[in-house]
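Subject: Structure for you to look at

Dear colleague,

Here is the structure I promised to pass on. Please open it first; my notes follow below.

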Amino acid sequence: MFPSRFMPCPDCGESLERSAAASHRCTRDRELDYQMFRLRHEVDSFDERLAAYLSSSTGRFEVWLAARRVRTRTP
Ligand SMILES: [Zn+2]
């Protein structure tokens, strides 16, 4: 087996020809898109995890405390 001629940039995921990889510079937009792609499962499960946290005893206390702070305007 021989290595592929291309490799993904570890920071932005762009497919790079190995011979040109050293001169590659990531664009900020592509880097952000790649970070969001890598976090997609975490982003997708956020609502579910938030709901689970808010229904836990700690979460219910945080909700109660936040509501109390809003009502009494304490920092
Ligand atoms: Zn890159």
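Helices (H or I, at least four residues) and strands (E, at least two) are DSSP runs, numbered from the N terminus. On that basis, the protein reads β-β-α-α-α-α along its sequence. That makes 4 helices and 2 strands.

Two notes on the source. Residues are numbered from 1 along each chain as its sequence is written, and side-chain values use heavy atoms, with hydrogens and water left out. The model is predicted: local features need pLDDT of at least 70, side-chain atom pairs count only at pLDDT 80 or more, and totals for chains, interfaces and linings use all residues.

Overall shape

The radius of gyration is 22 Å, well over the 11 Å that the globule rule gives for 75 residues, so the protein is more spread out than a compact globule. The radius is taken over C-alpha atoms, and the rule is 2.2 Å times the number of residues to the power 0.38. Along the principal axes, the C-alpha atoms fill a box of roughly 65 × 30 × 15 Å.

The protein is divided into domain 1 (1–44) and domain 2 (45–75). These bounds come from an automatic or database domain assignment. The C-alpha centres of the two domains lie 38 Å apart.

Buried residues make up 11% of the 75 residues. Here, buried means under 20% relative accessible area, exposed over 50%, and partly exposed in between (1.4 Å probe, protein chains only). The accessible surface comes to about 6,600 Å², with 58% of it belonging to carbon and sulfur atoms. The areas are from the Shrake-Rupley method with a 1.4 Å probe; for residues, only the protein chains shown count as cover.

Among contacts with a separation of 6 or more, 9% join residues 24 or more positions apart. Contact means heavy atoms within 4.5 Å.

The zinc site

Which residues hold the zinc ion as protein donors? They are C9 (SG), C12 (SG), H24 (NE2) and C26 (SG), at 2.1 to 2.3 Å from the ion. Donors are N, O and S atoms within 2.8 Å of the metal (3.2 Å for Na, K and Ca); water is not among the atoms, so sites may look incomplete. The sequence spacing of the donor residues is C-x2-C-x11-H-x1-C. C9 and H24 link distant parts of the chain, 15 residues apart. C9 sits in the loop between β1 (6–8) and β2 (15–17), H24 in the loop between β2 and α1 (28–38).

The site is tetrahedral, with angles of 105 to 117° among its 4 donor atoms. Four donors count as tetrahedral if all angles lie between 85 and 135 degrees. The ideal angle for four tetrahedral donors is 109.5 degrees.

Are C9 and H24 buried or exposed? C9 is buried, at 5% relative accessible area. H24 also counts as buried, at 16%. Beyond its neighbours within four places in sequence, H24 is in contact with C9, C12, E14 and L16.

Two more residues

Q35 is in helix α1 and counts as partly exposed, at 31% relative accessibility. Q35 and D47 are 12 residues apart in sequence and 19 Å apart in space, C-alpha to C-alpha.

L39 lies in the loop between α1 and α2 (40–44). L39 is partly exposed, at 38%. From L39 to T72 is 33 residues in sequence and 38 Å in space, C-alpha to C-alpha.

Best wishes

How values were computed: Four donors count as tetrahedral if all angles lie between 85 and 135 degrees; four count as square planar and six as octahedral if opposite donors are over 155 degrees apart and all others between 65 and 115; anything else is irregular.
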